[in-house]
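Have the sequence and the 3D view ready.

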Amino acid sequence: FTKCCQETGVLMVVKCRQENTALKDCLVGYYSDPSFYEECKAEYLKQREEYRATGIKKKRQKLTPNV
């Protein structure tokens, strides 16, 4: 999806529909998985606990592009 959008530019809304649909289907699979939800929730609660104890924000993980 990212590659399609980068190559297409402004017309990405029209030309990248198939890629967008595939991306949404993939994400829905993860979001509706209870074990994945619990894993994300546990990670968030751990980071929140660390922040409340130290007052120091943890740096966000930089994601690499899927190109």
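Let's start with helix H4, which covers residues 34-54: its 21 residues reach 30 Å from first C-alpha to last, close to the 30 Å expected at 1.5 Å a residue. Keep in mind that this is a predicted model. Overall, the protein has four helices and zero strands.

**Layout and surface**
- Just after H4 comes glycine 55, which takes a positive phi of about 80°.
- Buried residues make up 4% of the 67 residues.
- The accessible surface comes to about 6,700 Å², and carbon and sulfur atoms account for 56% of that.

**A nonpolar patch**
- Phe1, Leu23, Leu27, Tyr30 and Tyr31 make a nonpolar surface patch of about 510 Å².
- Look for leucine 27 in helix H3 (residues 17-31); with 34% relative accessibility, leucine 27 counts as partly exposed.

**The cysteines**
- A disulfide is a covalent bond between the sulfur atoms of two cysteines.
- Here, one joins cysteine 4 to cysteine 16, with 2.0 Å from S to S.
- Cysteine 4 sits in helix H1 (residues 2-8) and cysteine 16 in the loop between helix H2 (12-15) and H3, so the pair ties together parts 12 residues apart in sequence.
- The link between cysteine 4 and cysteine 16 is left-handed, with -95° about the S-S bond.
- Both ends are buried: cysteine 4 has 12% relative accessibility, and cysteine 16 has 1%.
- Cysteine 5 is buried at 15% relative accessible area, while cysteine 40 is partly exposed at 36%.

Definitions and conventions:
Residues numbered from 1 in each chain as written. Predicted model: local features only at pLDDT ≥ 70, side-chain atom pairs only at ≥ 80, totals over all residues. Heavy atoms only, no water. Helix = DSSP H or I, 4+ residues; strand = E, 2+ residues; numbered from the N terminus. Buried < 20%, exposed > 50% of the residue type's maximum accessible area, 1.4 Å probe, protein only. Areas by Shrake-Rupley, 256 points an atom, 1.4 Å probe, with all protein chains shown as cover. Expected span 1.5 Å × (residues − 1). Patch = residues over 30% accessible without salt bridge, like charges linked within 9 Å, V, L, I, M, F, W, Y side chains within 5 Å. Salt bridge = Lys/Arg side-chain N within 4 Å of Asp/Glu carboxyl O. Disulfide = S-S within 2.5 Å.
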